[in-house]
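The following note concerns the packing of side chains in the structure shown below. Please read each point with the structure in view.

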Amino acid sequence: MELKIGTVIKKLRTERGVTQEELANKIGVSFQAVSKWETNATTPDIAILPRLALYFGVSIDALFSMNQDDYLEKISNMIRDEYSISTDNFVWAERYLNGVLSEEQKNNSARTLLVELYNHRINRDLINGARLCEEGLSIDPSNEALWGNLIRIREKRGEQEKLIRFLKKLNTKNPQCDIIFESLVSIYIKCGNIDEAITLLNKTKNHSRYEVYFGDVELALGNREKAKAIWDSAVKKNKEDHNLLFEIAERFKNIGEPETAISLYKQSYEIAPTPKEMDALYSQAFLYTENKMNEKAIQVWQTIIKVLSDDYGITDGECVDWAKREIEKLRNQNI
């Protein structure tokens, strides 16, 4: 589709991110003149064309003939061929495509390219994020925040095998690091590599989470009752380990046994040191809400507000406001 020169000027200006007044100042005309060009009410004087071409970095011919299909193809090729699109090129493509859509709302070719452009950036950012996580974990393999982010990125990209290779390599170098062991067992079970999980577990029978993960193995094999019995045994042996109780509570929640899960969340919270970790409280509130036990959920949210104040000195802000919103929402449901 060939565009009139005024429409071309408008597209080039919006892609560059400048106002009509800024363009007018650069080429020595009034902003009213630019406005008239862009509505195709008038056309630029021939003497101004070289200045316009120089400012936008295009040929004079391009000012008269801007083929939309060619530009869409250029953006498509950029998305397909470039591993990392520069910030300038990304901004240009985004502005151009949004400009097309502002004038042609039904143009799904431009819309599809805009989606692909955003996905390209997301994928690039995820790849860079995974690289940074692995670099950091090679320095400090016990960093839980980096582990959490790496696992989320790899799972989001369907790259479990890459995660396993990295975990095995790091586990060889750091055999005493619990978080590497636990992450590797978990990903083996999640991916259905049960034999590998059992082999790894049998090498570390004294590990504090040994029974918890063997329960996971039995569950993965379809032995629900065996899994529950193993977790119950682990609870009896580790009544003072609030983290382990929380982990087992999560497992009972995931298999649809909310009463047992809530009981364990409560135990985990009660024996945790001060300042209290909040996860067990939030989990109780969500589970009560999910099971339509609104009054109990309200009580937990009220406890959350109190703990935020007493243990952390937080009396306002989003954490408190969120709890208050949840309480209000639950009360409205009771009306």
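**Note on cores and aromatic pairs**

1. The largest nonpolar core holds 35 residues, and Ile 248, Trp 301 and Ile 304 have the most contacts inside it. Such a core is a set of buried Ala, Val, Leu, Ile, Met, Phe, Trp, Tyr and Cys residues joined through side-chain atoms within 4.5 Å. Buried means under 20% relative accessible area, exposed over 50%, and partly exposed in between (1.4 Å probe, protein chains only). Helix 18 gives the most to this core, with 7 residues; helices (H or I, at least four residues) are DSSP runs numbered from the N terminus.

2. This is a predicted model, in which local features need pLDDT of at least 70 and side-chain atom pairs count only at pLDDT 80 or more, while totals for chains, interfaces and linings use all residues. Residues are numbered from 1 along each chain as its sequence is written, and side-chain values use heavy atoms, with hydrogens and water left out.

3. The structure holds 13 aromatic pairs. Rings of Phe, Tyr and Trp (its six-membered ring) pair if their centres lie within 6.5 Å; planes under 30 degrees apart count as stacked, over 60 as edge-to-face and the rest as tilted. Phe 181 and Tyr 213 form an edge-to-face pair, 6.4 Å centre to centre with 90° between the planes. Phe 181 lies in helix 11 and Tyr 213 in helix 13, so the pair ties together parts 32 residues apart in sequence.

4. Trp 301 and Trp 322 are also edge-to-face, at 5.2 Å and 65°. Trp 301 is buried at 0% relative accessibility, whereas Trp 322 is partly exposed at 29%.

Note on methods
Helices (H or I, at least four residues) and strands (E, at least two) are DSSP runs, numbered from the N terminus.
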